[in-house]
Amino acid sequence: MSKKISICIPVLNEAANIELIYNEISKIINEYKAQYIFEFIFTDNNSSDDTFEKIKTLKKNNIHNTELKAFQFSKNIGKEKSLYYGFSKASGDAVIQIDADLEDPPYLIKDFIIKWEEGYKIVYGIRKKRKNDSFKFLRFLFYRILNIISSNNFPLDAGDFRLCDKEVIKEILKVNDEDPYLRGLISSIGFSHIGIEHDRNYRVKNKSKFNFFSYFNNAINAVVNHSIVPLRIASFLGFAVFFLCFVLTLFYFISYFISDSHEPGFTTQTILILAGISLNSLFLGILGEYVGRITRHIKKNDIFVIKDKII
C-alpha cells in the first residue's frame, strides 16, 4: 500500500497566491504519484478576501487529481494554532508544512522526502539567505539567545518549512497547548532530524501579514513556552536590588554617626524609588506572561468554530 503525505498550508488573505502555491507543489508531487498518495490541507484564518472561494474552485476543478481538504475558522486564531489544527486533520504518514507565499521553494519537498525515507523523522529547511528581510539581524540574534536560555537545542536559522513523520505529529497532538510554538515544540521532542539549506525567495504576490509586533509576540511565545530563565533573572535581580538597598541603608546608617554633615539625599532616594518601581513592573510583567499562559491552558477558553469546510 502506498504511503500518504499530507501538505498543510495555513492561509490568511492569500487569494492571489492560492492557485500559484497549489500548482507549484503539484508539479513536484506529480513526479511521485506512482509511489505516494498526497493530500492538501488548507487552514484559513477567516480571510476577508476570496481565499476560501479560490480553494473551493481548486477542489471543484481538481486538475491535478489530488485529495484536498480545507477549513475556515470563525476568527483569526493565529498561524500556530491554525497549523496545529491542520495537523489534527492530516492522515498522512508524513506531514509537510509550508506557507502560501512561495518564499520557501517547493522543490525542496523532493529532498525532504528523500531524507524521510532514509529514516529521519524531521526534515527542515535552513534559511541560508533571506531576500528583502528587514528583521534579519534581530531574527539572527533572537534565535541564538533562545538557544542559550532554553534547555532544548533548537536548529539555528530553521523556518516553518519542514516535514514531520506521523510519529512526531502524534506526540505534538498529545500536548494540546493553547499557545503552541510549533517550531520549538517539534524540536524539543527529540526525534532524529536533519536540515537542508536553501535560499528564501521574495514573496510572489501580496504583502506579508507579519510586522514587528507580530514577530515580537511570536518571540515572547517562544521564550515563555521553552524557557524559565526570565523568571530566574527576575529572582536574581530582585535579590541584587535588595542587597544594594541593604548596603546603602547600612552606609547611610553608619555615616549618620561618623559625619557631622547630613545631606537630605533626595536624589538618591528618588533614583532608588524609581529603580524599585521599574524592576517591580518588569518582574510583574514577566510573571504575568507565565501566569497568563497557565490560565489559558487550564481554562481552554480560546473558542472558535469551523465557519466553512471542504472535505
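## Helix 3 against helix 6

The crossing of helix 3 and helix 6 is left-handed (the near helix is turned anticlockwise from the far one by less than a right angle; clockwise would be right-handed). Helices here are DSSP runs of H or I with at least four residues, strands are E runs of at least two, and both are numbered from the N terminus. On the helix 3 side, the contact uses Tyr84, Phe87 and Ser88, and helix 6 brings Ile169, Ile172, Leu173 and Val175 (contact means heavy atoms within 4.5 Å). Sorted by class, that contact holds six nonpolar residues, one polar and no charged ones. For the classes, Ala, Val, Leu, Ile, Met, Phe, Trp, Tyr, Cys and Pro are nonpolar, Asp, Glu, Lys and Arg are charged, and the others, Gly among them, are polar.

As for geometry, helix 3 covers residues 79-89 and helix 6 covers residues 166-175; they pack at about 120° with axes 10 Å apart. That angle makes helix 3 oblique to helix 6. Axes are lines fitted to C-alpha atoms, for helices over the stretch in contact, with angles from 0 to 180 degrees between N-to-C directions. Under 35 degrees is roughly parallel, over 145 roughly antiparallel, 65 to 115 roughly perpendicular, and the rest oblique.

## What you're looking at

This is a predicted model, where local features need pLDDT of at least 70 and side-chain atom pairs count only at pLDDT 80 or more, while totals for chains, interfaces and linings use all residues. Residues are numbered from 1 along each chain as its sequence is written, and side-chain values use heavy atoms, with hydrogens and water left out.

Overall, the chain comes to 10 helices and eight strands. It has 311 residues, and 42% of them count as buried (under 20% relative accessible area; over 50% is exposed, and partly exposed is in between, using a 1.4 Å probe and protein chains only). Take the contacts with a separation of 6 or more: 86% of these join residues 24 or more positions apart.

Ile172 has a relative accessible area of 0%, so it is buried. Setting aside residues up to four places away in sequence, Ile172 touches Tyr84, Leu182, Leu185, Ile186 and Ile189. Tyr84 is 88 residues from Ile172 in sequence, yet their C-alpha atoms are 8.5 Å apart.

## Helix 1 against helix 2

Helix 1 (residues 15-29) and helix 2 (residues 51-61) have axes that come within 8 Å and cross at roughly 30°. So helix 1 counts as roughly parallel to helix 2. The crossing of this pair is right-handed.

## Loops on either side of helix 2

Asn46 sits in the loop between strand 2 (36-44) and helix 2, and its phi is near 55°, a positive value in a residue other than glycine. Asn62 is in the loop between helix 2 and strand 3 (67-73), with phi near 45°, again positive in a residue other than glycine. Asn46 has 25% relative accessible area, so it is partly exposed; Asn62, at 29%, is partly exposed too.

## Around strand 4 and helix 4

The loop between strand 4 (94-97) and helix 4 (108-117) holds Ala100. At 2% relative accessibility, Ala100 is buried. Beyond residues up to four places away in sequence, Ala100 touches Ile9, Pro10, Val11, Glu14, Asn17 and Ile21. Cys8 is 92 residues from Ala100 in sequence, and 9.8 Å away from C-alpha to C-alpha.

Glu103 is also in the loop between strand 4 and helix 4. Is Glu103 buried or exposed? Buried, with a relative accessible area of 14%. The C-alpha atoms of Glu103 and Asn201 are 4.5 Å apart, across 98 residues of sequence. In helix 4 itself there is Ile109, buried at 0% relative accessibility. Leaving out neighbours within four places in sequence, Ile109 is in contact with Ile25, Ile28, Ile96 and Phe161.
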